[in-house]
Structure formats: C-alpha cells, structure tokens
Amino acid sequence: MKRKLMTARSSKTQEHWEALRQSNRTYNKLHTKTKQDEWRKFCADTETVKESARMNKILKNCNDKTEKLESVYKSDGTLTTTPEETLEVMERSHFKDDATSNPHTDHTIPDTHLLDNIYSDTRMKEAIMSFDPLKAAGPDT
C-alpha cells in the first residue's frame, strides 16, 4: 500500500489514486473480518472457569455506557429491546425445566451410608491438605 501511495502521489493520475483506494478498501474489509473471526474464536475457546471469570471481569469493569450488554437474541433471531425482555429470554433458555414440569426429579433423602462414604473425614482432610498454601475459600478477586 505504501508503494501505491507513493506512485499515486508522484504520478497524480486518477488511475493510481483509484488503485490506492481499492487497496485501502480491501485492507479494511480484511481487517474487519479478521477481528470478527478472532472474537468468535476467543468466545468459542472460553471453556474453562478461569477464562470465563476473566471475561466476566472485563465485561463487569466496562464503564462505557455505549458498550453495555443489554440485548440478547430471541429464538426468532431478533434482539430484545428492554431489560425485562432480556431477563425473560435468559430465564427461558437457562431454566427450561422447573421442578413441577420434570417428572423424573427425585427429592427423596439419599442413603446416609453412601453420604458417609463419599464425605468421610479422611477424604475431607486430604482435600483440604491438597490446597495451595495461603489459599482462602471464595472467589478470587
């Protein structure tokens, strides 16, 4: 592109200026597409809790009012327009089944012998001792 700019400046012909403009348009399209592809790849690769927490921190600390996340896509492909509508769509997508509509939900108390085997004193002690030193419970900030 630099060479085309220098050629257009020195020759001052319309043909060279148009070639420069076309190169700039092609570059800008490629740049935009690359940014979109990289963002999609980043979002798709965010699978671990650490990556999700990092993304949550970035989005939470965004103080710019133009970058608020208020809309989500509805099932028909359109965006929500109000915060209430956004909450309804998110509720439907994340909490599809409630306790009354799921006949396979079993709320009986499990066998205490099984719980004692799973949560034995020795297993709990081993789990606690496996923590890193100076590690406190709770989320990292």
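A salt bridge is defined here as a side-chain nitrogen of Lys or Arg within 4 Å of a carboxyl oxygen of Asp or Glu.

## Basis of the model

This is a predicted model, in which local features need pLDDT of at least 70, side-chain atom pairs count only at pLDDT 80 or more, and totals for chains, interfaces and linings use all residues. Residues are numbered from 1 along each chain as its sequence is written, and side-chain values use heavy atoms, with hydrogens and water left out.

## Overall architecture

The chain contains 6 helices and 0 strands; helices (H or I, at least four residues) and strands (E, at least two) are DSSP runs, numbered from the N terminus. Buried residues account for 7% of the 141 residues, where buried means under 20% relative accessible area, exposed over 50%, and partly exposed in between (1.4 Å probe, protein chains only).

Of the contacts (heavy atoms within 4.5 Å) between residues at least 6 apart in sequence, 2% join residues at least 24 apart.

## Salt bridges

The structure holds 5 salt bridges. One of them joins K74 and E85, at 2.9 Å from N to O. This pair links distant parts of the chain, with K74 in the loop between α3 and α4 and E85 in helix α4, 11 residues apart. K74 is partly exposed at 25% relative accessibility, whereas E85 is buried at 19%.

Helix α2 (residues 14-45) holds both R21 and E18, which are 3 residues apart, about one turn of the helix. Their closest N and O atoms are 3.4 Å apart in a salt bridge, and E18, R21 and R25 are linked in a network of such bridges. D37 and K33 also lie in helix α2, 4 residues apart, and their side chains form a salt bridge at 3.4 Å, N to O.

## The surroundings of T80

T80 lies in the loop between α3 (49-60) and α4 (83-94). T80 is buried, with a relative accessible area of 2%. Its side chain makes a polar contact with the side chain of T86 at 2.7 Å; such a contact is a pair of N or O atoms within 3.5 Å, and within protein, one must be able to donate a hydrogen and the other to accept it, while residues adjacent in sequence count only if both atoms are side-chain atoms. Not counting residues up to four places away in sequence, T80 touches several residues, including K74 and E85.
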